[in-house]
Amino acid sequence: MQKFALPVILLVVLLIYFPVLSAYFSHDDFFHFKASQTDGTLGAFINLFGFPTFEERGYGFYRPLTREGFFNIYYSLFGLNHIPARVFSLSIHFINIILVYLFIQKIFRRNNLSLFTAFFFGITAANVGSLYYLAGGIQSLIATNFMLLTLLLFPRKISFLTFVLALASHELASIIPVILLGFAFVKKTILKNIKLIVLFFVVLAIFIFLDIVHIGFSSGEGQYQPVFSPRVFVNSLSWYLLWSLGFPEMLIDFVGPRLSLNQNLMKFWGDYYSGIFLFGGISLIVIAVSIMYLLLQKKSIFSKKFWFIVLWFPVAIFPVILLPLHKQTYYLNPALPAFWSIVGFLVLGAYNHSIRKSKIVAGFLLGAFLAATFCLSLTAILLAGETYPAANRGRIAKRLINDVRGKYPTLPKGAVVYFKNDPDYPKISGDWGGSSKQAAFALNGNDALQLLYQDSTLVVIYEDSGLKIPSGNVYPFIAKISN
């Protein structure tokens, strides 16, 4: 039956993440589509893989494979059809699940642990960010894919190619040489592969120089300013651990100083509230019991392999852990294999040791953990389908695009589309604004409609922006974003 385990895992993941396939583009997706456009020549496409500075292009970080290259080719092939993008994202996630299984099996040679890690890596609600938020998620997914391939292929020379491709996907891949060094230490092959390891670090140093010093980023973007503080490190690490287990990303918006919980969370989460905290509480209790039980055992089961995966987790999120204003679950992709192998090592280890003393207790604790942890992620995923920003904005963007195209099948060059507030849209707060402000977020200003009509001269103005409406070809439209 074990040969069917991986196909079953993939089927379960498909079933619980199936709603992702209907999620439309929004906000940053449209920005990346616009930023990746060229004049259509081969030379212009190749230039997308260069190293322009922040001042030259208006945004930072070197991610040409998964940003400029991916969005350029995609728009050329599919336009604003979102289905192929969602199928591609899920496909990469499925491949990553298989690669996680293979790599954990390569380390521990324990099929149950490998399947456990692959299963929870695949279903955890931490994947909501990478699968719903296409702009950042596809970068993290592909970078993780190349990271896992590099780990599996090392020390063959082709692993260097997958490493370079990972660096061209996302700066999260910068942790690969450190993880490889730890893996070589565990396998006692550092000296044997020292030349290749040194080459990895040399290329990494060049990449860091080009990405941070040459390309740079805006000092005005506060969310990308690192804060070197032990408190920030512990706070960020705690959140990334909770998210890895399956707690919803939005929980961070409702937790105040001294862990005070905003009571509005109960209203916002509705019926999901009790389930999330019940299932999450059971999972945390079983993990704590497993740790205490194993520590009380006279035989030490914490080998070098275990400490390797323990160190893997903080190393994998190190590039972002000091960014307190920019914590995102899609950053967790490279760290999730480590998290779930750690949890599997603890929970399955406690089960294997305690079953000799009491099959009933051991089976009950393991069953409780498996059921509660699965239900935690399932509940959080269902909640995300209703409340996650990328999902909501995608629904808004899809409706607006369809309605605008229905009313104005064609527009002349240089036309002005004016989005007016829907008088029936409920007033939430001053910061929230009217329906036109939410439309501006979903469509990312001019970007979505310029892509839709393939006209870079088209201007889009939103009533809440307060901008003056020019005279001439103005096409008004009421921004209806709710039923």
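Trainee: Is Asp-455 buried or exposed, and at what relative accessibility?

Mentor: This is a predicted model, in which local features need pLDDT of at least 70, side-chain atom pairs count only at pLDDT 80 or more, and totals for chains, interfaces and linings use all residues. Residues are numbered from 1 along each chain as its sequence is written, and side-chain values use heavy atoms, with hydrogens and water left out. Buried means under 20% relative accessible area, exposed over 50% and partly exposed in between, with a 1.4 Å probe and protein chains only. Asp-455 therefore counts as buried, its relative accessibility being 3%.

Trainee: Which side chain does that of Asp-455 join in a polar contact?

Mentor: Asp-455 is placed in the loop between α22 (447-453) and β2 (459-462), where helices (H or I, at least four residues) and strands (E, at least two) are DSSP runs numbered from the N terminus. Leaving aside neighbours within four places in sequence, Asp-455 is in contact (heavy atoms within 4.5 Å) with Pro-412, Lys-413, Gly-414 and Gln-450. A polar contact is a pair of N or O atoms within 3.5 Å, of which, within protein, one must be able to donate a hydrogen and the other to accept it, while residues adjacent in sequence count only if both atoms are side-chain atoms. At 2.5 Å, such a contact joins the side chain of Asp-455 to that of Thr-457.

Trainee: How far is the backbone oxygen of Ala-350 from a polar atom of the side chain of Ser-354?

Mentor: Ser-354 lies in helix α18 and counts as buried, because its relative accessibility is 15%. Apart from neighbours within four places in sequence, Ser-354 is in contact with Tyr-293 and Ala-362, and its C-alpha atom is separated by 9.3 Å from that of Leu-294, 60 residues apart along the chain. From the side-chain polar atom of Ser-354 to the backbone oxygen of Ala-350, the distance is 2.7 Å.

Trainee: What span should the 25 residues of helix α15 have, and which elements do its buried residues pack against?

Mentor: The expected span of a helix is 1.5 Å times one less than its number of residues. For α15 (residues 272-296) this gives 36 Å, which agrees because the end C-alpha atoms are 36 Å apart. Its buried residues include Tyr-273, Ile-276, Val-286 and Leu-294. The buried residues of α15 pack against α13 (230-245), α14 (264-269), α18 (336-354) and α19 (359-387).

Trainee: How many residues of α9 are buried?

Mentor: The 20 residues of α9 should span 28 Å, and the end C-alpha atoms are 28 Å apart, so the two values agree. As for covering, α9 is mostly covered, and the number of buried residues among its 20 is 19.

Trainee: How many residues apart in sequence are the parts tied together by the pair of Tyr-132 and Tyr-388?

Mentor: The structure holds 45 aromatic pairs, where rings of Phe, Tyr and Trp (its six-membered ring) pair if their centres lie within 6.5 Å, and planes under 30 degrees apart count as stacked, over 60 as edge-to-face and the rest as tilted. The rings of Tyr-132 and Tyr-388 have centres 6.2 Å apart and planes at 45 degrees, so this pair is tilted. Because Tyr-132 lies in helix α8 (residues 127-132) and Tyr-388 in the loop between α19 and α20 (389-407), the parts that the pair ties together are separated in sequence by 256 residues.

Trainee: What is the angle between the ring planes of Trp-239 and Trp-243?

Mentor: Both residues lie in helix α13, 4 residues apart, about one turn of the helix. Trp-239 is buried, with a relative accessible area of 10%, and Trp-243 also counts as buried, at 0%. Their rings form a tilted aromatic pair, 5.8 Å centre to centre, and the angle between the planes is 35 degrees.

Trainee: What is the phi of Arg-109?

Mentor: Most residues other than glycine have a negative phi, and most peptide bonds are trans. Arg-109 is found in the loop between α6 (83-108) and α7 (111-123), and it is exposed, with a relative accessible area of 63%. Although Arg-109 is not a glycine, its phi is positive, at about 55 degrees.
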